[in-house]
Amino acid sequence: MSEMAPSNSPEYPSPLLRLLTLGQPKPAQTRFDCETFGITHEHVPDLIRMLGDGQLNDAPGDSDWVWGPLYAWRALGELRAEPAIAPLLDLLARIDQNDDDWVGEEVPRILAQIGPSALAPAKDYLANPAHGEWARVAAARSLGMIGQNHPETRDACVITLRTQLAAHADQSGTLNAMLVSALLDLKAVEALPDMESAFAADHVDETVVGDFEDVEIELGVKTTRTRARRPNQLTEMRARLRAALGGGLSDDGDFEDALADTFPAAPVKRDRVGRNDPCPCGSGKKYKKCCGKS
């Protein structure tokens, strides 16, 4: 394909026009080599402009153009471009408004790649209830990744996540569960009292991270379960699988391996769901609201 921008699209420097020709990246291809494309810090303003280019972001899912902004995100991460932090956070609205799952997957990692300077803006974004649920989930994931990638920020990220979890009564079970998940990623044993309070109030979606006893085991304060899990979507699936296996799956069995062995996944035609494509299962819904839903 020639290196041409879409008609009526703002012009971009030549190195950035190449981003509009690359198409969907492979699953293992998450890093971006700016040097290969001749992209430098002087291109940061145009890369940021590409982030919000609606003609690119909302292009058909089978076009190469729609992937141009994704490569711009990755380039900004590789350049550790601090001026891109606010525009990247603005992109999170697309998760709820446009069902753009790639934003939710990629932007937290890129914010963490840019560095500790993203911590305070991500904290403010997470704390603002005016933002969509999934956008705030992505902000929580960003904080977990920042704390992991930059150990000097770990304690500040834990405090932020704990503070947000303290408001569990006013938040969805999904958001609370993702706050717990980020704390688990940070091995935040000190946050156990906050997590216990949210679980005790039944304000955590247990299909996301399990129940509080699962949390205790993951953090190493317990070694085995002492009580049965409450019924939920996952425990019901476990019961059906146990019945299919003739009762051969114990509560401590490897549920995921048994599930994969008993019900092998069907082959798929592409590696990941396109940015603006419906779920590949054929439901007509976007992936996040269908097979990607927790």
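## Helix 9 against helix 11

In this predicted model, helix 9 (residues 119-127) and helix 11 (residues 154-165) have axes that come within 11 Å. The axes cross at roughly 5°. Angles under 35 degrees count as roughly parallel, so helix 9 is roughly parallel to helix 11.

Which residues make the contact? Helix 9 supplies Leu119, Lys123, Leu126 and Ala127. Helix 11 supplies Ala156, Cys157, Thr160, Leu161 and Gln164. By type, the residues of this contact divide into 6 nonpolar, 2 polar and 1 charged.

## The nonpolar core

The largest nonpolar core has 76 residues. Leu88, Leu92 and Met195 have the most contacts inside it. In soluble globular proteins, nonpolar side chains tend to be buried together.

What does Met195 touch, leaving aside residues up to four places away in sequence? Its partners are Leu165, Val180, Leu183, Ala188, Phe212, Val215 and Leu219.

Most residues other than glycine have a negative phi. Arg80 has a positive phi, near 50°. Asp99 also has a positive value, about 55°, and is not a glycine.

Arg80 is in the loop between helix 5 (68-78) and helix 6 (85-91). Asp99 is in the loop between helix 7 (93-98) and helix 8 (101-114). Are these residues buried or exposed? Arg80 is partly exposed, with a relative accessible area of 46%. Asp99 has 13% relative accessibility. Buried means under 20%, so Asp99 counts as buried.

Definitions and conventions. Residues numbered from 1 in each chain as written. Predicted model: local features only at pLDDT ≥ 70, side-chain atom pairs only at ≥ 80, totals over all residues. Heavy atoms only, no water. Core = buried A, V, L, I, M, F, W, Y, C linked by side-chain atoms within 4.5 Å. Buried < 20%, exposed > 50% of the residue type's maximum accessible area, 1.4 Å probe, protein only. Contact = heavy atoms within 4.5 Å. Axes fitted to C-alpha atoms, helices over the stretch in contact; angles between N-to-C directions. Helix = DSSP H or I, 4+ residues; strand = E, 2+ residues; numbered from the N terminus. Parallel < 35°, antiparallel > 145°, perpendicular 65-115°, else oblique. Nonpolar A, V, L, I, M, F, W, Y, C, P; charged D, E, K, R; others polar.
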